[in-house]
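Let's take a walk through a protein model together.

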Amino acid sequence: MHEFCHRCGGELSDDTSSPFCPHCGAPQIYLLDHDQPADLAENTTGAAPPPAPRQIEWKTAIRCALLVAGIAAVLTLVAARFESVSPLSWLWTVSGSLITLALYQKRRPQAWMDAGIGARIGVVVGVVLIGSVAVAMAAGGLIARYVLHNMAGFDAQVTQQLHLQIQHALATNPEAKSMQGYLYSPEFRAGMMLAGFGLVSGILLVLSTIGGAVGGLLRTRHKVSA
């Protein structure tokens, strides 16, 4: 079916991407059938459909997570030197996702927040916290061992705990006596320490995710009530 311009009478092309007459430039009105797809209807206006809104400003969220993780790393190093700071370091690390959400929403007050978004940010915070704390502990251990030379007490404590665990294992399983030499080896000690850190990291990641979900849910309710 041919259509003509109401001003100059020129024949209009079948391409409806432009709402103007190709001959005189007069604006045209295109009537669509009800069965025509919605995406085609949007194209007849001549303007591209708006992009889907970004639910999370990841650049801002990662910056907030790095800030919180950096402070957690510093507190971990200070707590290794002063035991009185240990409760503050533990509390800051466990509450990292909640603190990150507060910083994120302060910088992006119009950003949407709910439990799902809070949980996703909490996962990122947990991963960043684990990496930062691991680097801080490794750097602190190297400095304490090779610069300050004050790791004798830590080594003695680890050796005592490992000895108690090995003795308990030998008492409950006599067949483990054949592996007694391996159980006291440095490789087994390093493996035990890595396993312990992995367990703590998993717990921290779960707590960070749950904390982010709860924080996002509470902030959603506050926004709705406001």
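What pattern does the protein chain follow, read along the sequence? The answer is α-α-α-α-α-α-α-α. In other words, the chain has 8 helices and 0 strands. Helices here are DSSP runs of H or I with at least four residues, strands are runs of E with at least two, and both are numbered from the N terminus.

A quick word on the ground rules. This is a predicted model, where local features need pLDDT of at least 70 and side-chain atom pairs count only at pLDDT 80 or more, while totals for chains, interfaces and linings use all residues. Residues are numbered from 1 along each chain as its sequence is written, and side-chain values use heavy atoms, with hydrogens and water left out.

Now for the chain as a whole. Of its 226 residues, 27% count as buried. Buried means under 20% relative accessible area, exposed means over 50%, and partly exposed is in between, using a 1.4 Å probe and protein chains only. The accessible surface comes to about 15100 Å², and 66% of that belongs to carbon and sulfur atoms. Such areas come from the Shrake-Rupley method with a 1.4 Å probe, and for residues only the protein chains shown count as cover. What about contacts, meaning heavy atoms within 4.5 Å? Among those between residues at least 6 apart in sequence, 60% join residues at least 24 apart.

Let's start with H4, which covers residues 96–107. This helix has 12 residues and reaches 17 Å from its first C-alpha to its last, close to the 16 Å expected at 1.5 Å a residue. The expected span is 1.5 Å times one less than the number of residues. Which residues of H4 are buried? They are Gly96, Ser97, Thr100, Leu101, Tyr104 and Gln105. Looking down the axis of H4, you'd find these buried residues within an arc of 155°, so they line one face of the helix. That arc is taken from the directions from the helix axis to the C-beta atoms. Here's a handy bit of background: an α-helix has 3.6 residues a turn, so residues three or four places apart point the same way.

Zoom in on Gln105, which counts as buried at 15% relative accessibility. Not counting residues up to four places away in sequence, Gln105 touches Ala111, Met113 and Arg219. Gln105 and Arg219 are 114 residues apart in sequence, yet their C-alpha atoms are 9.2 Å apart in space.

Next, find Leu129 in helix H5. Is Leu129 buried or exposed? With 1% relative accessibility, Leu129 counts as buried. Setting aside neighbours within four places in sequence, Leu129 is in contact with Val68, Ala69, Ala72, Thr93, Gly96 and Leu204. Gly96 is also one of the buried residues of H4. Between Leu129 and Val68 there are 7.9 Å, C-alpha to C-alpha, though they sit 61 residues apart in sequence.

Leu148 is partly exposed, with a relative accessible area of 48%. Together with Leu142, Ile143, Tyr146 and Val147, Leu148 makes a nonpolar surface patch of about 540 Å². Leu148 is also in contact with Arg81, which touches Asn150 as well, leaving aside neighbours of Arg81 within four places in sequence. Arg81 belongs to helix H2 (residues 58–81), and Arg81 is exposed, with a relative accessible area of 56%.

The buried residues of H6 include Val158, Leu162, Ile166 and Leu170. Down the axis of H6, the buried residues fall within an arc of 100°, so they line one face of the helix. What does the face turned away from the buried side carry? There you'll find the exposed residues Gly153, Gln160, Leu164, His168, Ala171 and Thr172.

Finally, hop over to Met192 in helix H8 (residues 186–225). Met192 counts as partly exposed, at 34% relative accessibility. Leaving aside its neighbours within four places in sequence, Met192 is in contact with Leu162 and Gln165. Met192 and Leu162 are 30 residues apart in sequence and 8.7 Å apart in space, C-alpha to C-alpha.

Note on methods: Patches are made of residues with over 30% relative accessible area and no salt bridge: like charges are joined within 9 Å, nonpolar side chains (Val, Leu, Ile, Met, Phe, Trp, Tyr) within 5 Å. A salt bridge is a side-chain nitrogen of Lys or Arg within 4 Å of a carboxyl oxygen of Asp or Glu. Contact means heavy atoms within 4.5 Å.
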